[in-house]
Amino acid sequence: MAATLKELRDIKAALDEHSIVAMTDASGRITYANDKFCSISKYSLGELLGQDHRIINSGYHPKAFFRDMWETIESGRTWRGEIRNRAKDGSSYWVDTTIFPCMGRTGRPTKYVSIRTEITQRKADAAQLKRYSEDLAEKNMELEAIVSTLSHDLRSPLINVQGFGKQLARACEEIRAAFAASPDRALPASAVRQPLEVAIPQALNFINAGVSKMDSLLTGLLRFSRLGREALTIERLDMNALVAAAFSAMKFQLDAAGADVHVGRLPDGRGDRVLTGQVFSNLIDNALKYRHPGRALRIAVDGHVENGQNVYSVADNGIGIALEHQPKAFEIFHRLNPEGPAGEGLGLAIARRVLERQGGRIWVESAGDAGSTFYLSIPSAEAQPPPFP
Amino acid sequence: MKHEGALAPDILIVDDDDGHAILTRENLEAAALGNPIRHFRDGQAVLDFLFEPGSHPPASKAGAYLLLLDIRMPKVDGVEVLRRLRADPKQRNLAIIVLTSADDAREVERCHALGCDVYLKKPVDFGKFADAVRRLGLSLTLLIKSPSGAD
C-alpha cells in the first residue's frame, strides 16, 4: 500500500513537471491547479480556486466548441482538443488539452481532471508555415504568368521572322527563276523590281524589328530576374531626401514639362536605398510620360504610417488608368498603350518586385481621366526586417 | 469552291501586329483567295466598324463577314471583342476564327466559354484556314480565283 502511494506521488510529481494540470468539480469550478497552470495563466492559485474556466476564456472559440466539450465530458467520455486561452495580462496561449471525467457511483462525473501541454510555439510555427506556403503559391503563380507572357511575347516577333524569312526565300527564288529564264543572263528590270523594291525591304524590315523586339524582351527579362537575386541592403531611409534626389535627377524633364511638384513630410522607412529610389524615379517618369496634354502636370508625394507600414502616395493629374486596366498595370511586359511613349512594360513590374522583396506593396488608384495615384508601402523605420526576403 | 450568288464573306483580320496581318493576307492571297480582306489594328476599330450601320453590309447578315481575331491585343483585346459580339443578339451569327500566337490552353478555354470554338495558331496558312472555315459551317463561301482570272 505504501509502495503504491509512493508510486502515485512520484507520477504526480513527474506530471507536474511536464504538464499544466487542473481539477474542477462537476460544475466546472476550479478546485486544484498546479504551478504550471498558475505560471502560464499568470493567475495565482488563490485567484483561480472557485472560478470556472471562463476566467481564461480567450473568446477565440465559438460557443459550440465548448458546448461540444461539455457534452462529451458530461456523458463520461474523455475530450481532447486544442484551446486558445487568455492569461491574466491579456496575452494568449495555446494548450493541447485532455479532460478526463472522474465518474461517481451514480454514473455521472463528480469531477474533471484536465492535463494540458502548451503548444503556443507550434501554433505560431504552423501559422507561419501557412503564410510561407501561401506566399510560395503566389510566387509560383507569378512565375507561371511571367513564363506564359514571355512565351507569347517572344513568339509574336518569331512569327514575323519566320514568315518574312520565307518571303525573302520566295523573292530569291523569283529572281533566280528570272535569271535562269533569260537566255543572255541579263535580268530584265521588270523581273527584279517587285522583289527588290517591295518584298525584300519589307521582309528585312519586319525581320529586323522582330529581332530587336526579341532582344529587348530578353534584356528586360534579365534585368527583372537580376532584381530577384541581388542582395538588398536594408537600412533606415530618409524618404524626403530619397524622393528629393529622385526629383532632382529628373529636374530637366520636369522643368521642360512645366511640372508643379509638391512633396509633403514623409515618414522615414526601412528598405534598400537604391532600389526604393528607383521605384520613385520610375513613378515620376511615368507621371511625365503619361501627362495629360490638356493641363499642366502636377505631381504630389505624400506619406503616412498605417498599421506599422509606411504608405507613400505619388499622385499625378495625367491621363490616368481605366479601372479594367489597373490589375494588368503591374504585369511584366504589359503595356497599356503600346502606341504611346516608349517603354518596355517593365517599370511597374520591377517596382512591384522590388517592394515585395522589401516586405512592401504597390497598388494604384485611378478614376481614369483625372490622373493616377500610386501607393507604395514599405516597413516603417522602427519595424523589424521582414523574415522572408 | 466558287458558288455564284452564295454569300462570300469579307475577311476582317484583327491583329495589332502589322507583320502578322501582312503574312496572313499574303498566305491567303497566295492561295488565290478572292474574298476581300481588310485589316484592323485593334479590337475597338473592328467593333466600331461592325456596330456602325450604313456604309457596309450589316454584320448580322450571315456570311457578310468572317473575323480572324487575334486574342492578345492592347486595350480592347480579342476576348473583349468576342464578349461584346456574343452579347449582341444581332451579331450572334457572325463567323469568328480566333488567332493565337501560342497554344495556350487557358486562352482557348476563355474563347470557348465565350462561344468560339474555332481557333487557329499563327502563322495562318491557307490549308489550316480553309479547314477552320469548313468547321465553322456551310454558310461561308471562299472565292477562289480561277487561274485565268487571276491578275
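## Salt bridges in the model

A:Glu82, A:Arg122 and A:Lys123 are joined in a network of salt bridges (a Lys or Arg side-chain nitrogen within 4 Å of an Asp or Glu carboxyl oxygen). Across all chains, the search of the whole structure finds 26 salt bridges.

Before we go on, note that this is a predicted model, where local features need pLDDT of at least 70 and side-chain atom pairs count only at pLDDT 80 or more. Residues are numbered from 1 along each chain, chains are lettered from A, and side-chain values use heavy atoms, without hydrogens and water.

## Pairs within a helix

The side chains of A:Asp10 and A:Lys6 form a salt bridge at 2.7 Å, N to O. A:Lys6 is partly exposed at 44% relative accessible area (buried is under 20%, exposed over 50%, partly exposed in between, with a 1.4 Å probe and protein chains only).

## A link across the sequence

A:Asp268 and A:Arg236 form a salt bridge, with closest N and O atoms 3.3 Å apart. A:Asp268 lies in the loop between strands S7 (260-263) and S8 (269-272) of chain A and A:Arg236 in strand S6 (residues 234-237), so the pair ties together parts that are 32 residues apart in sequence.

Conventions
Helices (H or I, at least four residues) and strands (E, at least two) are DSSP runs, numbered from the N terminus.
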